[in-house]
Amino acid sequence: MTSHPSPNNSKPNLVFVITDDQGYGDLGCHGNPIIQTPNLDKLHSESLRLTNLHVGPTCAPTRAGIMTGRYCNCTGVWHTIGGRSLLRNDEVTMADVFRANGYKTGMFGKWHLGDNYPFRPHDRGFEEALYHGGGGISQTPDYWGNDYFDDTFWRNGVEESFEGYCTDVWFDEAMKFIENNKDGPFFCYLPTNAPHGPYRVPNSYSETYRGKVPDSRANFYGMITNIDENVARLRTKLKDLGIEENTILIFMTDNGSAEGCQLDRNQFVADGFNAGLRGKKGSPYEGGHRVPLFMYWPDGGFTEGRDINQLTANIDLLPTLIDLCGLEGPTEERFHGISLAPLFREATAEWSERVIVTDSQRVEHPIKWRQSATMTQRWRLINGVELYDILEDAEQRSDVAADYPDVVEELRQHYEAWWELVSPRFDEEPPIVLGTENEKVSLLTSHDWHGEKHAWNQGQVRQGLECNGYWAIEIAEDGEYAFELRRWPKEEDKAITAGIPGEIIDWYSGGNALNLKTARLRVGDQEQTQAIPADAKGVTFTFTLKAGEARLQTFLTDADGFSVGAYYVYVERISASE
């Protein structure tokens, strides 16, 4: 696409901070009377601000759109679990683009676009990547027992243990990367897992809010206040290194609030603060997908508070950054978003009317009109039925569909065209590739089961929920493969049948014993069954397989027919075919 050089003719650095589950109203500068975010409020006062920016109503879909500049549904990502959060291997990412243009690329925090090859961040353009597993700390793909404090993460696929609170670790490691690459240019992507649940934070941050809001919200707000302090540390580091002037600093969030408010049955705020918006995380209403974005860049002239009120979306960010940084990238036709640089450079730039669609599918196969918002500057068509004039009715209280049938029909036609654009590859299942040098031992987890019964967090694994599904896989090369089926991951080192002492009261407590007797594994059209030996921690099967795509499913069964899938499967190619 056509690009323009940065103002001082040297490529600017990019630091891109995105928080998880922090909504539009979870900031002091947006009118929240309780939360304390003085450093983010200061950044807001000095930044170019997108006030009408829309993302996916949940985590992974938003990230797919940011990384590719394309509607998430086109990229294989329309859910947060179930094999539908894996970014297709043929997608070009923001990191790919920056790295191809000579940037050092690093990410620190939450990836949530795949935990196996070829989906991991260091497979997708990041030279250095430090991350937890899955969509949040203590989800099934994450290192067992992580609880936000003194956790073990992965650096380019290798386990590494840290001391301290997770958000502090992400910022510490990001600042080391920045300092090591201060001569630039660099792209530092800093997607925090906070304030995603479970809501855990040092007491010093949550105590401020105790008695003012429910305890869970006190922790949630405390997590945001901790982020606020870390943003101040980050800004100080950029200044001390002498690179603040030519560094684009972006702060945004990934969807509506998870805990900043409680809603009534019609998704209006019943308790808490949501900046006058209806809905929260997961909702097709404005509060589900309208998020803040602040951009500070002294060399670009973005140092004073200025609002951009035009309708924009996460899919616009990659083409915009290519333009601002003067990069070579994919052709404009590949993107579904557009460059916002003209608006950034000139407040009075002409801007054409546009239509943007967002939705929240959270199912195996997308359903037309499901949890959708079809948007223009003035209108919001919800689920193809309700119509709101957002300029007159920001809280979306008055459905005016009956008064404007022509508008409803026009927006429905736009949605139909969008559906045709995003739906051709819905039946594809991006496969986890097994048996390569890039990931010699692949750990498959129930987080990526296809089907409708998942075990996506460690609490569900502890309970031994009766659920199962299959993995979409690709055998990279003909050969002999070993599959070790386990209920508990290797770092927990317990027998398949064992429980964990203590009540199951949260994601970190006890777990049920299960009297499992047989293990069965199906790979494509091959199947084997073994008895589970007493006290066995895993059951290993060996298959001779041909290269190609297949489905893999496991069954752990007791004497009465109760069955669960193996929540963890370790796969390794042990020999090549002769």
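**Close-up 1. Glu-173 is a buried residue, with a relative accessible area of 8%.** Here "buried" means under 20% relative accessible area, "exposed" means over 50%, and "partly exposed" is in between (1.4 Å probe, protein chains only). This is a predicted model, where local features need pLDDT of at least 70 and side-chain atom pairs count only at pLDDT 80 or more, while totals for chains, interfaces and linings use all residues. Residues are numbered from 1 along each chain as its sequence is written, and side-chain values use heavy atoms, with hydrogens and water left out.

**Close-up 2. Glu-173 pairs up with Lys-176 in a salt bridge.** The closest N and O atoms of the two are 3.0 Å apart. For a salt bridge, a side-chain nitrogen of Lys or Arg has to be within 4 Å of a carboxyl oxygen of Asp or Glu. Both residues belong to helix α4 (residues 166-180), and because they are three residues apart there, about one helical turn separates them. (Helices are DSSP runs of H or I with at least four residues, strands are E runs with at least two, and both are numbered from the N terminus.) Lys-176 is partly exposed, at 48% relative accessibility.

**Close-up 3. Asp-21 and Lys-281 join distant parts of the chain.** Their side chains meet in a salt bridge, at 2.9 Å from N to O. Asp-21 sits in the loop between β1 (13-19) and α1 (38-45), while Lys-281 is in the loop between β10 (269-272) and α7 (286-289), 260 residues apart.

**Close-up 4. Lys-490 and Glu-484 form another salt bridge.** In this pair, the closest N and O atoms are 3.7 Å apart. Lys-490 is partly exposed, with 41% relative accessibility, and Glu-484 is buried, with a relative accessible area of 17%. How many salt bridges does the structure hold? The count is 39.

**Close-up 5. The structure holds zero disulfides.** Cys-188 is in none, and the nearest cysteine sulfur, from Cys-325, is 14 Å away. A disulfide would need a pair of cysteine sulfur atoms within 2.5 Å. Cys-325 is likewise in no disulfide, its nearest cysteine sulfur being that of Cys-188. Cys-188 is buried, at 0% relative accessible area, and Cys-325 is buried too, at 1%.
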